[in-house]
Each structure stands twice: as C-alpha cells, then as structure tokens.
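The following note sets out numbered points on the model shown below. Please read each point alongside the coordinates.

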Amino acid sequence: MDQYVIKGGSPLVGEVEIGGAKNAALAIIAAAIMTDETVLIDNLPDVNDINVLLQAIEGIGATVTRVDCHTVKINASNISDFNVEYDYIKKIRASYYLLGAMLGKYKRATVALPGGCNIGSRPIDQHLKGFRALGADIDIEHGKVVADAEVFRGSNVYFDVVTVGATINVMMAATMAEGLTVMENVAKEPHVVDVANFLNSMGANIRGAGTDVIKIRGVKRLHGTQYSVIPDQIEAGTFMYAAAATRGDVTVLNVIPKHLESTIAKLEEIGCEVEEFDDAVRVVSKGNLKSTHVKTLPYPGFPTDMQPQMGVVLSLCNGTSTVTESIFENRFKYLDELSRMGGVSKIEGHSATIEGVKGLSGARVSAPDLRAGAALCIAGLAAEGITIVDDIVYIQRGYERFEEKLKGLGAIIQKVSSEKEIQKFKFRVS
Ligand SMILES: CC(=O)N[C@H]1[C@@H](OP(=O)(O)OP(=O)(O)OC[C@H]2O[C@@H](n3ccc(=O)[nH]c3=O)[C@H](O)[C@@H]2O)O[C@H](CO)[C@@H](O)[C@@H]1O
Ligand SMILES: C=C(OP(=O)(O)O)C(=O)O
C-alpha cells in the first residue's frame, strides 16, 4: 500500500492547475452511454474513480478510446449487456449513475449497490423513488439493484432530502421518458448544472438546473457531442486551504471563482487575503488566523467535501471554532488522526469543537477517506517534522498527481511504498 511521507513546516507558494471535476465527470461518463453516437469528453481528471467507471462501461460493451489522459471518446452503440458485473464498480459511489443512464436509454439495468467513501449512511431511496415515479419496477437482489420499465413516463418527483446523486440520476433517466418530468427540491451543485448542460448538448431538453426545480421534457433520442468538464471546486478548495494552513501564497488556475464562493468566504473570515481573477483565485495567508464557525450545507452552502480540510485549517487558527456537519454523520474521523499531531477537538453528535493550537507536529496517520486523507496531508504540510499518511488509495480516488502538484508549490512530499523508502526520505530531508 502506498503512503505519503511529508516534511512539513514550509509555506506553499506558486501556481497550481486545477483539473476537471471528478463528481461531474463521473455522471457525464455514465450519461455518455445514452446515445449510439460518439461522445468526446475533455478535461476529465485522471483519477482512479474515473478509470474504474470507464472500465465498467467497457465491460458492458461500450468502446472507450483514450485520446489522452484527460480526453476520451465513448461509443455505446454496441452495449448489449445491462448487468454491470465489473468487480470494483460496487466500491465507487458513482456506479449508481449507470442505473439512471441505462434505465433512461434501455429501460432496464442491473447494477451493484454503490459504495463510495465511508462517511455515513448513504441510502439511495430517493434515486429509487424517482425511478419508480417514472414507471420502473425495482428490486434489490443479492446486493444489486435490478430495475426495468415497460414504458418511462414523465412524472412529478419531490425529493425528501436535497441529494446531488438522486437529482442527477433521475434527471438522466427522465431525459428519455415520454412527456414532462418536474423535479422539486433538487440539488443545485455546479455539477448538477454541468450534467444538465452535457445532456442538453446531446439534444436533451432540461431547464432549471441550478435552481430548486428542474423540468425535463423527454426526447426520443440523444446524439453525439463534444464536451469539456467544469473545473473541480473541491480540488481547488483543497489547495487554497493548504495555502491557508501553511501560511503560503497560492494561485489556483483554471477555476470558476463563482463555484468557490463559500470556500472563499470562510478563508476571508479567518483572515486570509483572497484575490479573484476571471479563472483563477489567489490565497495569501500571513499573520495570525482567527477562529470561526462552519456548517456544511447543500450548494451554495459550505460543501461537506471541504469540511475536513477546513477543520485542519481551523486547528491552526487562534481561538475556538465549531464545525457542524449536516450532510454525512461520519465525517469527523480525521479529527482523531489529527489529535496524534497535536490537534485538540471534541466531537458531539453532528458538531465538533476545534481548539486552535500553536502548531502541529508530524506523526503517522491514516487517511480514513478521500477528503479526510487530503486534509491530513494539509496538516502534514503545516506541521513541524515528518508526517506519514497511510492508506492514500483513498486520496488517489479523487486527486490527480496530488504529490506532484504539491511539489510544484514547494512541498516536500513523496509517495512511498515501503519502510525502506520512508527511511531514505527521512535521511534525505534531515
Ligand atoms: C460521487 C459523488 O458525486 N459524490 C458526492 C455526492 O454524494 P452522494 O450523491 O452520495 O450525496 P447526496 O447529495 O446524494 O447525499 C446528501 C444527503 O442525502 C442523503 N440521501 C441521499 C440519497 C438518497 O437517496 N437518500 C438520502 O437520504 C444522504 O444520506 C446525505 O445525507 O454528493 C455529496 C454531497 O455533496 C458529496 O459529498 C459526494 O462527494
Ligand atoms: C465523498 C466523496 O466521494 P464519493 O461520494 O464517491 O464517496 C468525495 O468526492 O468527497
């Protein structure tokens, strides 16, 4: 198992290029199988989850041609298997999008129940509620969702919780249903809008993405397209918070600043200087940082996927902060790991109280999940001494060339896979 070994204590300085949004790209890849014509998708992040999903669609008969590591052509005209057996698919969250895409186009699908990071209970009842409203019969058999429909008819779907996954999934399925579907209380995340734009570029008729109500007029067929995925606001936010924690000066390039509003607002609240450009944001962190209070909420609220990174920054601010996690109940595991590095926090239900400390000290920690893993790397970069982050396979699910991008900002970090390599690193940096 690979690990990151980090020598912390130096500010990150420089520019870093942000890639395409993982969570938009996953849905877009699934949606690409809804046409028999060729689709070209650009600005894909080269990360494990994307590669797993591409292999999964190849497994059911789609042709995937890699133009380069960020661009693929997908042709799904030969799909003949509606049972996604590919072993690893159940481990990724976005496997659920194959249900919406296949149900929409072929009116049948069998897909393993999705996995994803262990950040709390992750039901898919709202996805199934939407599919059933459109006319699907659904059973759960041996860990798989087995779904089919005689006909798919537009319907009204009211979501009981605001869910990104169900919003996108039901939107995909409804794209090829007969008549009008009205989805209410939907998620408004930038990737919901990106997937709607992608489907519209294939000939779908979707209106209202980015608001609380999405209306979809079903079309008979979708056609090929060329599409570029939006920048990843969570990758961007991670580097911005790494700048804050290390008292650095980092400019994230190729971003949409509007998507980063809540991330920027919290940086300004704690005393960082933030400069916005057309497609870049610069974060300068100097002097003392102040504590604050954060609550995760659906977009445009503060993203749950940035909560661990924020928690690490707050542990380095003066005073007492609180973090309330209102989306997933098990997203504070990084705080236990952070306590090995001198972090001081107390978790009570959905909230954590974080006491600012003078500094963190390097230690051996484990990444409990994707964003928590990235957060612990930020802690390691800010800490004095050596930090070893185990289980970085989680980080590799969602960050492309993470250590290389950090190195480009002056970080002393290396990916290693043995104790011997750790000792060599320690010797080299001592
Ligand atoms: C692959 C992907 O894009 N993952 C993202 C997606 O996850 P995911 O799609 O799993 O998250 P959702 O937005 O669906 O979940 C939001 C909340 O709704 C609940 N819920 C969801 C569906 C459902 O059928 N029933 C239900 O109760 C969940 O338990 C959670 O409390 O959005 C999350 C919230 O922005 C992000 O943290 C994840 O990174
Ligand atoms: C939690 C995440 O991913 P997933 O939903 O795939 O587990 C994430 O991207 O932060």
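Which residue in β9 does Ala 112 stand opposite? Ala 112 stands opposite Lys 144.

1. Basis of the note. The model is predicted: local features need pLDDT of at least 70, side-chain atom pairs count only at pLDDT 80 or more, and totals for chains, interfaces and linings use all residues. Residues are numbered from 1 along each chain as its sequence is written, while chains are lettered from A and ligands numbered from 1 in the order in which they are written.

2. Confidence. The chain has an average pLDDT of 96, where pLDDT is the predictor's confidence in each residue, from 0 to 100. A score of at least 70 is reached by 100% of the residues. For the complex, the predictor gives an ipTM of 0.99 and a pTM of 0.97.

3. The sheet. Four strands form an open sheet with mixed pairing, in the order β6-β7-β9-β8. Its edge strands, β6 (83–84) and β8 (137–141), each pair on one side only. Strands β7 (residues 108–112) and β9 (residues 144–148) are antiparallel partners over five bridges. Pairing requires that DSSP finds at least two bridges between two strands; helices (H or I, at least four residues) and strands (E, at least two) are DSSP runs, numbered from the N terminus.

4. A helix on the sheet. Helix α3 (residues 96–106) lies across β6, β7 and β9 and runs at about 165° to β7. Axes are lines fitted to C-alpha atoms, for helices over the stretch in contact, and angles run from 0 to 180 degrees between N-to-C directions.

5. Helix packing. α1 and α2 (residues 48–59) pack at about 5°, with their axes 10 Å apart. The two helices are therefore roughly parallel to each other, the term for angles under 35 degrees. Lys 22, Ala 25, Leu 26, Ile 29 and Ala 30 in α1 meet Asp 49, Ile 50, Leu 53, Leu 54 and Ile 57 in α2 (contact: C-beta atoms, placed from the backbone, within 7 Å).

6. Ligand 1. This ligand is surrounded by 21 residues, the closest being Asn 23, Gln 126, Thr 163, Val 164 and Gly 165; a residue is near a molecule if its C-beta atom, placed from the backbone, lies within 6 Å of it. The elements giving two or more residues to this shell are α1 (22–31), α4 (125–134) and α5 (164–175).

7. Ligand 2. Around ligand 2 stand Asn 23, Arg 93, Gly 116, Cys 117, Ile 119, Asp 305, Leu 370, Arg 371 and Gly 398.

Conventions: Contact = placed C-beta atoms within 7 Å. Parallel < 35°, antiparallel > 145°, perpendicular 65-115°, else oblique.
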